[in-house]
Amino acid sequence: MLAIAAAVAFGLALLLDFANADLGDAFTNTTLMTLGLFLLALHFAGVGTRGRSHR
């Protein structure tokens, strides 16, 4: 789930870069790229994944 959110953040950053859009100081391309990398790091660390129960 976190990898999908990261893909959305990267896609939004790419679209904003292509359109040269400005959403203010809060949402810049760098902010969205950092958010995407943070979400990928959480995904790779195993946060948000379900553990398997061994019976």
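Visitor: Why are H1 and H2 called roughly antiparallel to each other?

Guide: This is a predicted model, to begin with. Helix H1 covers residues 2–19, and helix H2 covers residues 29–45. They pack at an angle of about 165 degrees. Angles over 145 degrees count as roughly antiparallel. H1 and H2 are therefore roughly antiparallel to each other. Their axes are 8 Å apart.

Visitor: In what kind of crossing does H1 pass H2, left-handed or right-handed?

Guide: The crossing is left-handed.

Visitor: Which residues of H1 meet H2?

Guide: On the H1 side they include Leu-2, Ala-3, Ala-6, Phe-10 and Asp-17. On the H2 side, Met-33, Gly-36, Leu-40 and His-43 are among them. By class, the contact has 16 nonpolar, three polar and one charged residues.

Visitor: What makes Ala-6 count as buried?

Guide: Buried means under 20% relative accessible area. Ala-6 has 1% relative accessibility, so Ala-6 counts as buried. This residue is found in helix H1.

Visitor: Which residues is Ala-6 in contact with, leaving aside its neighbours within four places in sequence?

Guide: Gly-36, Leu-39 and Leu-40. Look also at Met-33, 27 residues from Ala-6 along the chain. The C-alpha atoms of Ala-6 and Met-33 are separated by 8.8 Å.

Visitor: Why is Ala-3 called partly exposed?

Guide: Ala-3 lies in helix H1 as well. Its relative accessible area is 28%. Under 20% would be buried, and over 50% would be exposed. The value falls in between, so Ala-3 is partly exposed.

Visitor: What does Ala-3 touch, not counting residues up to four places away in sequence?

Guide: Ala-3 touches Leu-40 and His-43. Its C-alpha atom is separated from that of Gly-36 by 8.5 Å. Along the chain, Ala-3 and Gly-36 are 33 residues apart.

Visitor: And Ala-7, what makes this residue partly exposed?

Guide: Ala-7 is found in helix H1. Its relative accessible area is 47%. Exposed means over 50%, and buried means under 20%. Ala-7 is therefore partly exposed. From Ala-7 to Asp-17 is 10 residues in sequence and 15 Å in space, C-alpha to C-alpha.

Visitor: How do you know that Asn-20 is exposed?

Guide: Its relative accessible area is 66%. The cut-off for exposed is over 50%, so Asn-20 is exposed. Asn-20 lies in the loop between H1 and H2.

Visitor: What is the phi of Asn-20?

Guide: Asn-20 has a positive phi of about 50 degrees, although it is not a glycine. Most residues other than glycine have a negative phi.

Visitor: How many helices and strands does the secondary structure of the protein chain come to?

Guide: Two helices and zero strands.

Visitor: And what share of the 55 residues is buried?

Guide: Buried residues make up 13%.

Notes:
Residues numbered from 1 in each chain as written. Predicted model: local features only at pLDDT ≥ 70, side-chain atom pairs only at ≥ 80, totals over all residues. Heavy atoms only, no water. Axes fitted to C-alpha atoms, helices over the stretch in contact; angles between N-to-C directions. Helix = DSSP H or I, 4+ residues; strand = E, 2+ residues; numbered from the N terminus. Parallel < 35°, antiparallel > 145°, perpendicular 65-115°, else oblique. Left-handed = near helix turned anticlockwise from the far one by under 90°. Contact = heavy atoms within 4.5 Å. Nonpolar A, V, L, I, M, F, W, Y, C, P; charged D, E, K, R; others polar. Buried < 20%, exposed > 50% of the residue type's maximum accessible area, 1.4 Å probe, protein only.
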